[in-house]
Amino acid sequence: MTNEYIPPKVWTMDTENGGQWASINRPDSGARHQQTLPVGSNPLQLHSMATPNGQKVTIMLEELLQLGISEAEYDAYMINIGEGDQFSSGFVDINPNSKIPALLDKSEEPAVRVFESGAILLYLAEKFGHFLPKQGAAKTEVINWLFWLQGSAPYLGGGFGHFYAYAPEKFEYPINRFAMETKRQLDVLDKQLAQHPYIAGEHYSIADIAIWPWYGNLVLGKLYDAAEFLDVTSYTHVLRWAKQVEQRTAVQRGCMVNRSWGEPWEQVPERHSAQDIDAVLSQKP
C-alpha cells in the first residue's frame with residue numbers, strides 16, 4: 001500500500017483533512033455560542049433536521065397525530081447542523097452530545113428532556129401507548145430491532161456514507177470495508193423481512209420507524225446515491241417493505257419536517273401545526 005499512514009504517538013486534530021464537516025467537527029463537547037432556543041405553544045418541542053435520525057421522530061409524531069392523539073402536537077424547529085446550530089447553549093442544555101434530534105416535553109412538570117433518536121421513539125411509544133407492544137416477547141422483539149438499528153446505523157452513516165459520499169478523497173479500503181458491512185446489514189434485514197411483513201413481526205412498530213429512514217431510504221435510492229453500487233434490488237424483501245412503509249401518510253408528512261432542500265412541496269423547515277405541512281403539500285403539481 002502506498003502513502004501508508006503512520007499514526008503519531010499522540011493524536012492531534014487536523015482541520016485541513018476533515019472533508020465536508022471539518023469546520024464543525026472537534027474532539028471536545030459543550031456549547032460554542034450562547035443562544036436560547038425558541039419555544040412554541042405545543043406540548044412537545046422538537047429541535048431537529050430531516051436527516052435519517054431526525055426523520056425517525058417526525059414520522060413517529062405524525063403517526064401519533066394520525067391516530068388522533070392531540071397530546072402529541074409539536075413545534076419543530078430547524079437545527080442546521082452544517083452551520084453548527086447544535087452547539088448553541090440552548091441545544092446543549094437538551095442534548096449535551098450536540099446531536100439532533102432533541103425533544104423537550106413541556107407537558108410534564110418539570111419539563112423532560114429526551115435525546116438520542118431511539119430514546120425519543122421509546123419515550124413517545126411508552127407515553128402514548130402506541131407502536132410498542134405492552135409486554136412480553138413481542139415488546140422485547142421490537143426493542144431488539146430498535147437497538148439493532150442504533151448500533152448498526154453508525155456503520156451506514158458514519159462509515160459507508162462518510163467514505164463513499166462525503167470524505168475529501170475516495171479510498172478503496174474504507175469504502176470496501178463499510179460497503180461489506182452495509183450489505184451484511186441489508187442481508188440481516190432481508191432475511192427477517194422474508195418471514196414477517198414488518199421488522200419485528202406482524203405489526204408496524206417503532207422498529208420500522210427507526211430503521212426505515214436509514215435502510216428504507218437507502219434501498220429506495222434516496223441516500224448517498226448508492227443504490228446501484230450496493231445492488232439494493234437484490235434485497236427484495238427489504239425493497240418490498242421500504243415501498244410499503246413509504247406509502248404511509250405519516251411517513252410522507254414526517255419526512256418533510258425540518259427539511260430545507262429538495263422540491264418546494266417537500267420542505268417544511270419549521271412546523272407548528274398540521275396546516276404548515278398541508279400548505280406545502282398544496283404546492284405539489
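Colleague: Which residue forms a salt bridge with Arg26?

Modeller: Asp28 does, with the closest N and O atoms 3.1 Å apart. A salt bridge here is a side-chain nitrogen of Lys or Arg within 4 Å of a carboxyl oxygen of Asp or Glu. Please note that this is a predicted model, in which local features need pLDDT of at least 70 and side-chain atom pairs count only at pLDDT 80 or more, while totals for chains, interfaces and linings use all residues. Residues are numbered from 1 along each chain as its sequence is written, and side-chain values use heavy atoms, with hydrogens and water left out.

Colleague: How many salt bridges are found in the whole structure?

Modeller: The search finds 13. One of the pairs is Glu63 with Arg248, at 2.8 Å from N to O.

Colleague: Where do Glu63 and Arg248 lie?

Modeller: Glu63 lies in helix α1 (residues 52–66) and Arg248 in the loop between α7 (236–246) and α8 (249–254), so the pair ties together parts 185 residues apart in sequence. Helices are DSSP runs of H or I with at least four residues, and strands are runs of E with at least two, numbered from the N terminus.

Colleague: Is Glu63 buried or exposed?

Modeller: Glu63 is buried, at 4% relative accessibility, whereas Arg248 is partly exposed at 25%. Buried means under 20% relative accessible area, exposed over 50%, and partly exposed in between (1.4 Å probe, protein chains only).

Colleague: Changing topic, what is the handedness of the crossing of α4 and α5?

Modeller: The crossing is left-handed, meaning that the near helix is turned anticlockwise from the far one by less than a right angle.
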